[in-house]
Amino acid sequence: MTAVALQTSHPDLALAIPAVCIVLGWTYLVNDEKISAIGRYIRTELASRLSMLSGPAAAPAFGWETYHRSDSKRASRKITQAVIDLTAFVAIPFAALIVFWLYGTTNALLVSSSVLETLMLATLGGQFLWYSER
């Protein structure tokens, strides 16, 4: 889209990229957080309740929930995923905003929209960092 905005005489089209990425990024973030919350609930609430019901000699329930988190490459995968998420949902749309600021019109409504999109992208990036597991 940025290439189209630059090749045509409509750099204002670059403002569509941040809007789309904000919606898709927020949806992705919320879904990812809900999946993580389900895992946390299974590890902290459900597993302990099942072990109490089944007795101390029974095999632990939901072993996968702790097993897959103990992988030695997990930290590097999480960092890589955070970089990819921030690139796809924040850096690329921010680049589109730079294209707009360099080549776009000075229409007050579009400039205001670009500032709002910048704030929303910064918020989204912060949320990605906040919710990423450290």
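1. At what angle do helix α2 and helix α5 pack, and how far apart are their axes? In this predicted model, local features need pLDDT of at least 70 and side-chain atom pairs count only at pLDDT 80 or more, while totals for chains, interfaces and linings use all residues. Residues are numbered from 1 along each chain as its sequence is written, and side-chain values use heavy atoms, with hydrogens and water left out.

2. Helix α2 (residues 16–54) packs against helix α5 (residues 108–131) at about 20 degrees, the axes being 10 Å apart. Axes are lines fitted to C-alpha atoms, for helices over the stretch in contact, and angles run from 0 to 180 degrees between N-to-C directions. Helices are DSSP runs (H or I, at least four residues), numbered from the N terminus. The angle makes α2 roughly parallel to α5 (under 35 degrees; over 145 is roughly antiparallel, 65 to 115 roughly perpendicular, the rest oblique). The crossing of α2 past α5 is left-handed, that is, the near helix is turned anticlockwise from the far one by less than a right angle.

3. On the α2 side, the contact with α5 includes Pro18, Cys21, Ile22, Trp26 and Glu33; on the α5 side, Glu117, Met120, Leu121 and Tyr131 are among the residues involved. Contact means heavy atoms within 4.5 Å. By class, this contact has 12 nonpolar, 2 polar and 2 charged residues (Ala, Val, Leu, Ile, Met, Phe, Trp, Tyr, Cys and Pro count as nonpolar, Asp, Glu, Lys and Arg as charged, and the others, Gly among them, as polar).

4. The axes of α2 and α4 come within 8 Å and cross at roughly 160 degrees, which makes α2 roughly antiparallel to α4. This crossing is left-handed. Ile17, Cys21 and Tyr28 of α2 are among the residues that meet α4, where Gln81, Phe89 and Leu97 are included. The contact of α2 with α4 has 10 nonpolar, 2 polar and 1 charged residues.

5. The largest nonpolar core has 10 residues, including Ala14, Cys21, Phe100 and Leu121. Such a core is a set of buried Ala, Val, Leu, Ile, Met, Phe, Trp, Tyr and Cys residues joined through side-chain atoms within 4.5 Å. Helix α4 (74–103) and α2 each give two or more residues to this core, and α4 gives the most, with 4.

6. Ser114 lies in helix α5. At 0% relative accessibility, Ser114 counts as buried (under 20% relative accessible area; exposed is over 50%, partly exposed in between; 1.4 Å probe, protein chains only). Leaving aside neighbours within four places in sequence, Ser114 is in contact with Leu15, Leu97, Phe100 and Trp101. The C-alpha atoms of Ser114 and Ala14 are separated by 9.7 Å, and these residues are 100 apart along the chain.
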